[in-house]
Amino acid sequence: MVLKIGTVFIEDPVILAPMSGITDLPFRDLVKSFGAGLVVSEMVASTAVIEANKRTKKMLEFRKSGSPISIQLMGRDPGTMAEAAMLCQDLGADIIDINFGCPAKKVVSGAAGSALMREEPLARKIMHAVVKAVGIPVTIKMRTGWDINKRNAPELAKIAEDIGIQLVTVHGRTRCQFYDGASDWKFIGAIKNAIKIPVIGNGDITQVEDAKTLQQTAHTDGVMIGRGAQGRPWFLAHVIHFLKTGERLARPSSTFQLNIALRHFDSMLSYYGVKRGIRIARKHLNWYTAGCYSYDMYKDQLLKSDDPQQIRTSLSELFHLELDVPRSNTAFV
Ligand SMILES: Cc1cc2nc3c(=O)[nH]c(=O)nc-3n(C[C@H](O)[C@H](O)[C@H](O)COP(=O)(O)O)c2cc1C
């Protein structure tokens with residue numbers, strides 16, 4: 001199924017979620033190389049885009065990653081958000097996404113992210129300013145509301161639609177839930193019913209079947225996957241395959257997983273430099289290997305070493321040991 005967002009066509013609407021500190025260029029490229037309808041950048045503060053400090057410049061190096069690419073902006077000043085959106089457009093973004101969902105205390109205490117769901121008039125002004133400023137499609141990503149007593153996502157979605165926002169993604173939890181409980185896919189369906197523009201459902205897709213269940217429950221136009229892709233950059237491609245064919249692909253072989261982990265590791269080192277690259281790579285290496293039988297034996301060498309060659313060797317040994325032993329958690333493919 002092709003999803004059209006303004007001028008952008010998304011071949012398979014299975015989307016990689018924005019994840020701060022995770023969906024950087026090396027990870028987005030890797031996920032995209034297997035197959036994903038769209039990848040979204042980590043959230044970028046609108047003020048930082050304008051100041052363009054060194055770290056933000058790195059986050060905005062997105063032209064190399066396959067199209068389409070959506071850049072997510074976070075902030076609460078309509079003028080600054082509009083200016084940042086224009087800069088991202090000039091840098092080659094295909095879509096601008098506005099963050100109305102981040103629950104982090106650091107963001108919420110600055111009254112941005114999910115805090116804006118409590119300030120509908122300001123959220124309206126931000127959306128209006130960004131839509132007016134750019135020619136590319138503007139989308140929003142939000143939670144169901146601030147807390148269980150104020151789940152105003154359907155109202156905010158309607159405001160968004162009236163302003164010219166072209167797609168709404170909903171993570172089916174409130175801000176106050178953080179990641180507790182379950183994503184409420186039924187409530188995502190209520191948002192879908194409230195508007196005519198496309199809705200993407202998000203939250204708790206960890207098995208290929210989950211994507212189908214979410215779509216059947218909420219009748220969404222696509223799904224977004226975050227944590228389910230950690231350590232499994234092929235997972236979105238498996239979801240796309242399942243939605244098209246009903247066939248559940250097997251977890252890739254250990255040799256394949258090793259090659260992917262090594263490829264990802266090397267791309268992080270060349271993108272960030274060796275020292276920072278190793279630091280950033282550790283969480284990914286942990287995700288790649290946490291379910292392996294000899295994980296405990298290699299954990300320290302993998303996650304504490306500063307020597308790239310030692311890390312590569314440990315990874316290889318660990319995955320080669322996997323070859324001889326059947327995995328117990330084959331359900332988690
Ligand atoms: C480490 C981490 C960082 C995240 N960063 C962002 C972000 O920058 N912007 C955003 O809109 N959501 C962010 N999220 C939320 C995800 O995009 C997604 O909505 C959430 O994880 C639920 O989906 P999942 O169950 O598929 O992971 C983040 C989530 C995690 C776990």
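This is a predicted model: local features need pLDDT of at least 70, side-chain atom pairs count only at pLDDT 80 or more; totals for chains, interfaces and linings use all residues.
Helix α7, residues 153-163, and helix α8, residues 185-194, have axes that come within 9 Å and cross at roughly 30 degrees. Helices here are DSSP runs of H or I with at least four residues, numbered from the N terminus; axes are lines fitted to C-alpha atoms, for helices over the stretch in contact, and angles run from 0 to 180 degrees between N-to-C directions. The two helices, α7 and α8, are therefore roughly parallel to each other, a term for angles under 35 degrees.

Residues are numbered from 1 along each chain as its sequence is written.

Which residues of α7 meet α8? They are Ala153, Pro154, Ala157 and Lys158, facing Ala190, Ile191 and Ala194 in α8; contact requires C-beta atoms, placed from the backbone, within 7 Å. By class, this contact has six nonpolar residues, no polar ones and one charged. Ala, Val, Leu, Ile, Met, Phe, Trp, Tyr, Cys and Pro count as nonpolar, Asp, Glu, Lys and Arg as charged, and the others, Gly among them, as polar.

Turning to the whole chain, an automatic or database assignment gives domain 1 (3-245) and domain 2 (254-323). Their C-alpha centres lie 29 Å apart. Seven residues of domain 1 are in contact with eight of domain 2.

Finally, the ligand has 22 residues around it, of which Ala17, Met43, His171, Gly226 and Arg227 come nearest; a residue counts as near if its C-beta atom, placed from the backbone, lies within 6 Å.

Conventions: Two residues are in contact if their C-beta atoms, placed from the backbone, lie within 7 Å. Angles under 35 degrees count as roughly parallel, over 145 as roughly antiparallel, 65 to 115 as roughly perpendicular and the rest as oblique.
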